[in-house]
Amino acid sequence: IPESFHSWLFVAYYSVHALQTALLLGYLYSSSLERSRKWLASALVGAVVSVPVAALFLVEVAAPILLHLPHHHCVYDLLAIAPESILALVLFVGGTFAVAWASVAAWCAGSPETVLVTQQVSRILVRAGVAGYLGSVAMFSIELALA
């Protein structure tokens with residue numbers, strides 16, 4: 001990707017994470033079951049979209065900056081040279097998986113016997129997703145600011 005698009009990748013990365021956090025918080029503060037499922041379905045779509053955006057940001061922007069090599073886009077070297085980025089990646093992947101599993105749990109809440117348990121599990125997973133996304137953005141932001 002040309003360097004002229006790097007600023008757009010910054011915007012896309014932070015926007016996707018902000019939107020994802022807003023969708024997950026919308027789910028947590030939603031009062032009706034039907035509305036909360038819509039929030040969670042939107043968050044699942046956001047999670048799918050966030051993966052390629054985060055991958056492009058990591059390869060095209062974060063790796064060269066953190067490695068101090070402007071034309072080096074290797075994620076493997078990034079993990080070896082800047083091991084603190086592993087935590088940011090784990091938080092992002094964990095947040096994404098938490099959203100996916102929260103969606104599965106919410107959609108399994110079809111019978112009256114399972115609604116309470118699956119809603120509780122979904123809410124726990126969504127909170128983990130929020131923590132993952134916010135933690136990942138915070139870690140990468142700190143790393144990029146210090147680089």
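Biologist: Leaving aside neighbours within four places in sequence, which residues is Thr21 in contact with?

Modeller: Contact here means heavy atoms within 4.5 Å. With those neighbours set aside, Thr21 is in contact with Val130, Tyr133 and Leu134. Before we go on, two notes about the model. It is predicted, so local features need pLDDT of at least 70 and side-chain atom pairs count only at pLDDT 80 or more, while totals for chains, interfaces and linings use all residues. Residues are numbered from 1 along each chain as its sequence is written, and side-chain values use heavy atoms, with hydrogens and water left out.

Biologist: Is Thr21 buried or exposed?

Modeller: Go by relative accessible area: buried is under 20%, exposed is over 50%, and partly exposed is in between (1.4 Å probe, protein chains only). Thr21 has a relative accessible area of 9%, so it is buried. You'll find Thr21 in helix 1.

Biologist: Which backbone oxygen does the side chain of Thr21 reach?

Modeller: That of His17, at 2.8 Å.

Biologist: How many helices and strands does the protein have?

Modeller: Both are DSSP runs numbered from the N terminus: helices are H or I with at least four residues, strands are E with at least two. Here you get 5 helices and 0 strands, and reading along the sequence gives α-α-α-α-α. The C-alpha trace spans about 55 × 25 × 20 Å along its principal axes.

Biologist: How many residues does the largest nonpolar core have?

Modeller: A nonpolar core is a set of buried Ala, Val, Leu, Ile, Met, Phe, Trp, Tyr and Cys residues joined through side-chain atoms within 4.5 Å. The largest one has 30 residues, and Leu24, Ala62, Leu78, Val126 and Phe140 have the most contacts inside it. Two or more residues come from each of helix 1 (6–28), helix 2 (33–67), helix 4 (84–107) and helix 5 (115–146). Helix 2 gives the largest share, 11 residues.

Biologist: What share of the protein's residues is buried?

Modeller: Of the 147 residues, 39% are buried. As for contacts with a separation of 6 or more, 72% join residues 24 or more positions apart.

Biologist: Where is Glu143, and is it buried or exposed?

Modeller: Glu143 sits in helix 5. Its relative accessible area is 7%, so Glu143 is buried. Not counting residues up to four places away in sequence, Glu143 touches Leu66, Glu84, Ser85 and Ala88. Compare sequence and space too: Glu143 and Ala62 are 81 residues apart in sequence and 8.9 Å apart, C-alpha to C-alpha.

Biologist: What is the phi of His68?

Modeller: It is near 60 degrees, a positive value in a residue other than glycine. His68 lies in the loop between helix 2 and helix 3 (75–81). At 56% relative accessible area, His68 is exposed.

Methods. Polar contact = N/O pair within 3.5 Å; in protein donor to acceptor, adjacent residues only side chain to side chain.
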